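Take a walk along this chain, from its overall layout to single residues. Keep the sequence and the structure in view while you read.

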Amino acid sequence: MPFRFPVKFELPKHCYINARVLKDQFKRLQVAEHEVTRKALKYIARNTELPAKARLEAQLQLAAMPKYTCQTQIRDRCVATGHSRSVISDFKLNRTAFRNMARANQIPGVQKASW
């Protein structure tokens, strides 16, 4: 079943756009929106000093929240190609895009090694 966006959101302007990038952007916005609620519910659910009924209620509310509001759903993606594997986090590029841009001297401070 394909992923459907339940709410409208703004398209990213800084990177290559394909369906996976759109889905990841949507998840990033939803995580940011629900971050405070999720952290509060997690704190209540894990606090052993609270009554069991309150902790159970917090666990049920957490389970009822959509899974795309969870931080673990977000993947780092290359801004040049949209790939999610082997992304160098300092440059937000995957290894092949980084290599091509470094060889073309498009990344400041990076040059091909020679010794």
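Helices (H or I, at least four residues) and strands (E, at least two) are DSSP runs, numbered from the N terminus. By that rule the protein chain holds 3 helices and 2 strands. Read from the N terminus on, the order of elements is α-α-β-β-α. The model is predicted, so local features need pLDDT of at least 70 and side-chain atom pairs count only at pLDDT 80 or more, while totals for chains, interfaces and linings use all residues. Residues are numbered from 1 along each chain as its sequence is written, and side-chain values use heavy atoms, with hydrogens and water left out.

Start with the whole chain. Its accessible surface comes to about 9100 Å². Carbon and sulfur atoms account for 53% of that surface. Accessible areas come from the Shrake-Rupley method with a 1.4 Å probe; for residues, only the protein chains shown count as cover. Buried means under 20% relative accessible area, exposed over 50%, and partly exposed in between (1.4 Å probe, protein chains only). Of the 115 residues, 27% count as buried. Contact means heavy atoms within 4.5 Å. Among contacts between residues at least 6 apart in sequence, 35% join residues at least 24 apart.

Now turn to the first two helices. Two packed helices are described by the angle between their axes and the distance between the axes. Helix 1 covers residues 19–46 and helix 2 covers residues 52–64. Their axes come within 8 Å and cross at roughly 145 degrees. Axes here are lines fitted to C-alpha atoms, for helices over the stretch in contact, and angles run from 0 to 180 degrees between N-to-C directions. The crossing of helix 1 and helix 2 is left-handed. That term applies if the near helix is turned anticlockwise from the far one by less than a right angle; clockwise makes it right-handed.

Which residues in helix 1 meet helix 2? They are Arg 38, Leu 41, Lys 42, Ile 44 and Ala 45. On the helix 2 side stand Ala 54, Arg 55, Ala 58, Gln 59, Gln 61 and Leu 62. By class, this contact has 6 nonpolar, 2 polar and 3 charged residues. Ala, Val, Leu, Ile, Met, Phe, Trp, Tyr, Cys and Pro count as nonpolar, Asp, Glu, Lys and Arg as charged, and the others, Gly among them, as polar.

Two residues show this contact in detail. Leu 41 lies in helix 1. Leu 41 counts as buried because its relative accessibility is 9%. Leaving aside neighbours within four places in sequence, Leu 41 is in contact with Ala 58, Gln 61, Leu 62 and Met 65. The C-alpha atoms of Leu 41 and Gln 61 are separated by 7.6 Å, although these residues are 20 apart along the chain. Arg 55 sits in helix 2. Its relative accessible area is 24%, so Arg 55 is partly exposed. Between the C-alpha atoms of Arg 55 and Ile 44, 11 residues apart along the chain, the separation is 5.8 Å.

Next comes the interior. A nonpolar core is a set of buried Ala, Val, Leu, Ile, Met, Phe, Trp, Tyr and Cys residues joined through side-chain atoms within 4.5 Å. The largest such core has 7 residues: Cys 78, Leu 93, Ala 97, Phe 98, Ala 102, Ile 107 and Val 110. Helix 3 (residues 95–103) gives the most to this core, with 3 residues. A second, separate core has 5 residues, including Leu 41, Ala 45, Leu 62 and Met 65.

Phe 98 belongs to helix 3. Is Phe 98 buried or exposed? Phe 98 is buried, because its relative accessibility is 18%. Not counting residues up to four places away in sequence, Phe 98 touches Ile 88, Phe 91, Leu 93, Ile 107 and Val 110.

Finish with the loops. Arg 75 lies between helix 2 and strand 1 (87–88). At 43% relative accessibility, Arg 75 is partly exposed. Not counting residues up to four places away in sequence, Arg 75 touches Asp 24, Arg 28, Ser 84 and Arg 85. Ser 86 is in the loop between helix 2 and strand 1. Ser 86 has a positive phi of about 50 degrees although it is not a glycine. Asn 105, in the segment after helix 3, has a positive phi of about 55 degrees and is not a glycine either. Asn 105 is exposed, with a relative accessible area of 61%.
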